[in-house]
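I opened this model to look up a few things. My notes follow in the order I made them.

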Amino acid sequence: MQINPGAAEFPHRQIAAQLKAQVRRGDWGPGERLPSIPAIAEMFGVAKQTVQRAVDQLRVEGILITKPGSGTYVRGTRRRLNRLSRGRYGGFRGYHTDLAARYKQQLVSVGRAPAPPEVADAFGVPDGTELLCRRHLVRTDESPVEVGASWFLPADTTGTTLERAEAFGRPLYQEAEEATGRRYVTATDTISARQPSREEAETLQIRPDTPVLHLLHVAYDAHRKPIEVAQATWPGPMTTLTEEYKIPAPAPDQDPNPGLILA
């Protein structure tokens, strides 16, 4: 292990690249602890602060995790998120049982709450308007992987089952359709990357400087009126978004002059 003092790349980035290469080779497997920061610093002949910057970089990239009082470990398999919001509807408007087996959703709270700006904009109401909010947390056996919320207009939900602080045993959209008498017809997903709020970082058990992916999902009825606005936030370095779709075949060549008859 060595760095090139004359290289244009910063020393901590050179160290990070070499540590990453060792992980990819399998020198350290998932869940295995790396040597201590002082030990790695001695291997490279650099200051401990330089190694710490390299470890911080790989932690943000989702390759390493640091357990206070224990050490630095290789992270396990990245969470492959291949559903976005459309997975909640299923190919036949049904629940994906394989997702239910891998991810456990916990209802955190149900009640009126001020709408954040992006939710208020989606519904076309002023910021801070009191809406019905159903908050949830999704976990795997290892850790929390998603914080989210579903928002509804009180005019649609007052006196319905959506106000109950209970899970329904079926997808939320099915309960919402029955409760509101409105059918989900179209939806839009907007994904962005940002820094987490303090509450998100604490809930997802990530450092405050770890980026997150944030989804805003808006479901509409046949009149293009929003029924539900849902939010979901995932730890960015541990999440990959994968979607499979068909590519249209080339259109057959067409006669540029369909009305012209050649003799």
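This is a predicted model: local features need pLDDT of at least 70, side-chain atom pairs count only at pLDDT 80 or more; totals for chains, interfaces and linings use all residues.

**Entry 1: I40 and the helix pair**

I started with I40 and found it in helix α2, residues 37–44. I take helices (H or I, at least four residues) and strands (E, at least two) as DSSP runs, numbered from the N terminus. Residues are numbered from 1 along each chain as its sequence is written.

Is I40 buried or exposed? I40 counts as buried, because its relative accessibility is 1%. My cut-offs are these: buried is under 20% relative accessible area, exposed is over 50%, and partly exposed is in between (1.4 Å probe, protein chains only).

Next I looked for neighbours. Leaving out residues up to four places away in sequence, I40 touches P35 and V51. Contact here means heavy atoms within 4.5 Å. I40 and V51 are 11 residues apart in sequence, and their C-alpha atoms are 6.9 Å apart in space.

I then checked how α2 sits against helix α3, residues 48–60. The two pack at an angle of about 110°, and their axes are 8 Å apart. That angle makes α2 roughly perpendicular to α3. On α2 the contact uses I37, P38, I40 and A41; on α3 it uses K48, V51, Q52 and V55. Axes are lines fitted to C-alpha atoms, for helices over the stretch in contact, and angles run from 0 to 180 degrees between N-to-C directions. As for the classes, angles under 35 degrees count as roughly parallel, over 145 as roughly antiparallel, 65 to 115 as roughly perpendicular and the rest as oblique.

**Entry 2: the sheet**

What is the strand order in the open sheet of 6 strands? I read β4-β5-β6-β9-β8-β7, with antiparallel pairing. β4 (104–114) and β7 (186–194) are the edge strands, each pairing on one side only. From one strand to the next, the twist averages 15°. Helix α7 packs on this sheet and touches β5 (130–139), β6 (144–152) and β9. The direction of α7 makes about 10° with that of β6.

I went through some of the pairings. Two strands pair if DSSP finds at least two bridges between them.

- β4 and β5 run antiparallel, joined by 10 bridges. G111 has C133 of β5 as its bridge partner.
- β5 and β6 are antiparallel too, over 8 bridges. R134 stands opposite S150 in β6.
- β8 (residues 212–220) pairs with β9 (residues 226–235) in the antiparallel sense over 9 bridges. H214 has T233 of β9 as its bridge partner.

Why is β5 called largely enclosed by the rest of the structure? Because 7 of its 10 residues are buried.

**Entry 3: salt bridges**

How many salt bridges does the structure hold? I get 10. The criterion is a side-chain nitrogen of Lys or Arg within 4 Å of a carboxyl oxygen of Asp or Glu. I looked at several.

- E9 and R13 meet at 3.9 Å, N to O. E9 is partly exposed, with a relative accessible area of 42%. R13 is partly exposed at 38%.
- R25 and D27 have their closest N and O atoms 2.9 Å apart. R25 is exposed at 57%, whereas D27 is partly exposed at 37%.
- R194 and E200 have their closest N and O atoms 2.9 Å apart. R194 is partly exposed at 28%, whereas E200 is buried at 14%.

I also noted a network of salt bridges, which links D56, R59 and D209.

**Entry 4: T160**

Where is T160 found? T160 is in the loop between α6 (154–157) and α7 (172–180). T160 counts as buried because its relative accessible area is 17%.

I checked its side chain last. A polar atom of the T160 side chain lies 2.7 Å from the backbone oxygen of T157. For a polar contact I require a pair of N or O atoms within 3.5 Å; within protein, one must be able to donate a hydrogen and the other to accept it, and residues adjacent in sequence count only if both atoms are side-chain atoms.

Notes
Side-chain values use heavy atoms; hydrogens and water are left out.
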